[in-house]
Every structure is written in structure tokens, then in C-alpha cells.
Amino acid sequence: MSQDIENKVEEKATEEVEKELEAPVDDEGDGLDEEDLIEAGYKVHKFSLFDSPIEIATIAFMAVYVIYSLIMFAVNNTGGTDLQSIFNFLFDLVWKVVPGVILIVACEIHEKTELLEYNLSLNSEYMARYQMDLLDKIDDIDEKN
């Protein structure tokens, strides 16, 4: 008979623990909740060519170079030119601008990874606080039993 009582008490305790674990967890204390994360939290990368000094300088130098090259091509070929030399000039101009484009792409990738790192650290802090709250709830349940 005492075995039956122990089994019933154990089943009751197990049911209470399962109910507590299934219940939504309130973020009490100084932890960040979802609204705090949205307010001061996650940042979204937006593509912009003018958000770092390196990108601004690269674009400025590329624009100046392209304008200078076009002016020099027009000045050097005032008497006219054939289609082949125009295509050669354009392909050469594009080839010389490619390193600047690669630098801008590298800067954008760097900005994206910095924001990703920030968001991951914010998420890990939030999850650590969430897990600590869960452990506190489990400890409270164990203390009740």
C-alpha cells in the first residue's frame, strides 16, 4: 500500500513539473525580453555605398578616373575613331575599375559580418538568460517537491 502512495505522489510531482515546463516562461529580472531586443537589439544590414570612408574614397577616385579617361579619350580622338578602338577603350576602362568594385564588395561583406557578429552575441545573451530562467524555474519546482 505504501508503494501505491509513493507511485501516486511521484506521478503527481511529474505532472506538476511537466505543466511548469510547458507553461510560458516570464522573463522576470534584469534579462532582455523580446521587446528590448527589438528596441536596442537586432540590426539589419542595408546596402549603402556611402557608409564608410573607404567606400566613399573608392567611389570618388573611380568617378574621377572614369571622367578623366573619357575626357582624355575625347581629346586624343578629336578627328574620329573606329569602333574597335572605342570597344578597346571601354573594356580597358572597365578592367581598370574592377579592383575598386572588388574593394567596395569586400567592404560591404565586412559590414555584413560585423552586424551578424553583433546579432549573434545579442542572441546568445538572450538565450543564456532564458536558459538561466528555465533552470531557476526547475529549481523552484524541485524545492516545492
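1. Let's begin with Asp 140, which has its place in helix 4, a helix covering residues 83-144. Please keep in mind that this is a predicted model. With a relative accessibility of 42%, Asp 140 counts as partly exposed, because that class lies between the buried limit of under 20% and the exposed limit of over 50%.

2. Now to the aromatic rings, where the structure holds 2 pairs. In one of them, Phe 73 and Phe 89 have ring centres 4.3 Å apart and planes at 15°, so this pair is stacked; planes under 30 degrees apart count as such. The pair ties together distant parts of the chain, as Phe 73 sits in helix 3 (residues 53-76) and Phe 89 in helix 4, 16 residues apart. Are these two residues, Phe 73 and Phe 89, buried or exposed? Both Phe 73 and Phe 89 are buried.

3. Phe 87 and Phe 91 are stacked as well, since their ring centres are 6.3 Å apart and their planes lie at 25°. Here the two partners belong to helix 4 and are 4 residues apart, so about one helical turn separates Phe 87 from Phe 91.

4. Phe 91 has a relative accessible area of 60%, so Phe 91 is exposed.

Notes:
Residues numbered from 1 in each chain as written. Predicted model: local features only at pLDDT ≥ 70, side-chain atom pairs only at ≥ 80, totals over all residues. Heavy atoms only, no water. Helix = DSSP H or I, 4+ residues; strand = E, 2+ residues; numbered from the N terminus. Buried < 20%, exposed > 50% of the residue type's maximum accessible area, 1.4 Å probe, protein only. Phe/Tyr/Trp six-rings, centres within 6.5 Å; stacked < 30°, edge-to-face > 60°.
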